[in-house]
Amino acid sequence: MLAGAAVTGLTSCGFQLRQPPQLAFRSIALTGFAPRSPLADELRRMLDRSQVRLEDNPAQAEVVFQAMADLRERGVVATTSAAQVREMQLRVRLRFRTHTPAGRELTPIAEIALSRDMSYSENVALAKEYEEADLFREMQSDVVGQVLRRLAAVKL
């Protein structure tokens with residue numbers, strides 16, 4: 001009975017699960033990505049779920065998404081007195097713009113940059129590699145979500 005009351009309470013307050021953004025166009029071409037970019041692959045999967053057709057030829061698409069930079073970086077933030085890495089910073093950066101095949105700019109050049117700090121120890125190097133991969137995947141998913149929300153704001 002309590003579960004039924006909780007569900008009724010959630011539906012009456014307007015609670016709704018997050019849905020993929022509704023895009024105002026039916027086809028898109030992704031250009032400028034490296035051949036095996038994990039970010040481009042996830043973006044393709046998410047666009048496919050939102051019923052948008054992916055075109056290989058930019059001239060046949062309604063919108064062209066042009067990646068100008070798709071970078072994964074890592075840098076040392078802190079070291080010990082023995083010069084061993086103690087803390088690292090992971091960064092994901094995507095610089096892009098959208099335009100029509102005719103060249104009309106839909107969104108100006110924009111950049112999404114995320115960073116995460118991660119402690120590091122040589123004693124557990126393999127575990128830290130897995131943690132790094134997980135953090136990069138998480139940041140990549142966040143970037144894709146932000147890109148989809150920005151694409152939802154594009155009006156043709």
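Ala-83 is exposed, with 64% of relative accessible area; exposed means over 50%, buried under 20%, and partly exposed in between, using a 1.4 Å probe and protein chains only. The model is predicted: local features need pLDDT of at least 70, side-chain atom pairs count only at pLDDT 80 or more, and totals for chains, interfaces and linings use all residues. Residues are numbered from 1 along each chain as its sequence is written, and side-chain values use heavy atoms, with hydrogens and water left out.

**Loop residues**

- Ala-83 lies in the loop between β3 (63–79) and β4 (85–99); strands are DSSP runs of E with at least two residues, helices are runs of H or I with at least four, and numbering starts from the N terminus.
- The phi angle of Ala-83 is near 65°, a positive value in a residue other than glycine.
- Gln-51 sits in the loop between α2 (38–49) and β2 (53–54).
- Gln-51 counts as exposed because its relative accessibility is 69%.
- Phi is also positive at Gln-51, a residue other than glycine, with a value near 65°.

**Helix residue**

- Arg-137 belongs to helix α3, which covers residues 125–152.
- Arg-137 is partly exposed, because its relative accessible area is 46%.
- The side chains of Arg-137 and Asp-134 make a polar contact at 2.3 Å; such a contact is a pair of N or O atoms within 3.5 Å, where within protein one must be able to donate a hydrogen and the other to accept it, and residues adjacent in sequence count only if both atoms are side-chain atoms.
- Arg-137 and Arg-95 are 42 residues apart along the chain, and 18 Å separates their C-alpha atoms.
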